[in-house]
Amino acid sequence: MLHASAIEIHKKKAALFVGPSGNGKSTIAAALHKNGYRMLADDICALTFDKENRPVVIPSFPQIKIWADTANKLQYETKNLRKVRPQLEKYALPIHQNFCTSPLQLSSIYHLTTHNRGEIKITPIENAQKFRVVLGNTYRARFMDGLAMRNSHFKQASVTANTARILAVTRPSGAFLLDELITCIEEDLAQ
């Protein structure tokens with residue numbers, strides 16, 4: 001399991017968006033969904049491996065958890081949506097249309113980060129750093145030892161890091177330039 005949101009991209013493959021809470025995984029997935037991409041998962045993404053030992057993304061629940069400001073920006077009405085928690089202005093947006101129900105081979109992982117400069121950058125991550133991205137975004141990794149899964153997780157993370165194209169998406173920390181960010185990601189997805 002990765003702390004990630006997933007969409008379907010060209011050639012019936014999946015792209016994941018990983019990163020710390022609040023860095024925009026669900027927002028980016030919601031914006032791409034609004035642009036016609038099919039959703040596979042939001043916030044938590046399960047992977048399995050096919051017969052050739054390639055990572056495959058398993059579809060989850062047809063919803064995206066979005067903040068009120070994101071819903072407003074993407075022109076989703078929130079008054080009839082269920083709040084994720086009563087004290088938060090975060091909503092469960094049902095995705096019944098354009099939701100992918102079939103497992104898809106993993107193609108790319110976009111690691112979302114911020115910096116103090118004004119530009120948006122997408123740069124490939126190479127070598128051991130790819131493995132660190134996968135390990136660092138494992139969902140509830142602290143339970144691996146108690147479940148006796150540390151060795152199998154290490155192998156799965158290695159295969160995922162060696163198979164997927166992994167990129168750093170770095171945006172300005174002061175402003176979330178959603179339209180510009182989506183344009184950059186869509187240009188990269190088209191490659």
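Start at the largest pocket of this predicted model, which holds about 600 Å³ of space. A pocket here is an open set of points on a 1 Å grid over the protein atoms alone, where a 1.4 Å probe fits, with protein on both sides within 12 Å along at least five of seven lines; lining residues have an atom within 4 Å of a point. Its volume is the space filled by probe spheres set on the points.

Select Gly22, Ser26, Lys65, Trp67 and Lys90: of the 25 lining residues, these are the closest to the pocket centre. Then colour α1 (25-34), β6 (63-67), α2 (68-73) and α5 (178-189), each of which supplies at least two lining residues. Helices (H or I, at least four residues) and strands (E, at least two) are DSSP runs, numbered from the N terminus.

Next, stay on α1. Of its 10 residues, 9 are buried, so the helix is largely enclosed by the rest of the structure. Buried means under 20% relative accessible area with a 1.4 Å probe, protein chains only. Ser26, Ile28 and Leu32 are among the buried ones. Just after α1, Gly36 has a positive phi of about 110°.

Now select Ile7, Phe17, Ile28, Leu32 and Leu189, which touch the most other members of the 31-residue largest nonpolar core. Such a core is a set of buried Ala, Val, Leu, Ile, Met, Phe, Trp, Tyr and Cys residues joined through side-chain atoms within 4.5 Å. A second, separate core of 23 residues includes Ala6, Ala14, Ala157 and Ala168.

Residues are numbered from 1 along each chain. Local features need pLDDT of at least 70 and side-chain atom pairs 80 or more, while totals for chains, interfaces and linings use all residues, and side-chain values use heavy atoms, without hydrogens or water.

Terms used
Buried < 20%, exposed > 50% of the residue type's maximum accessible area, 1.4 Å probe, protein only.
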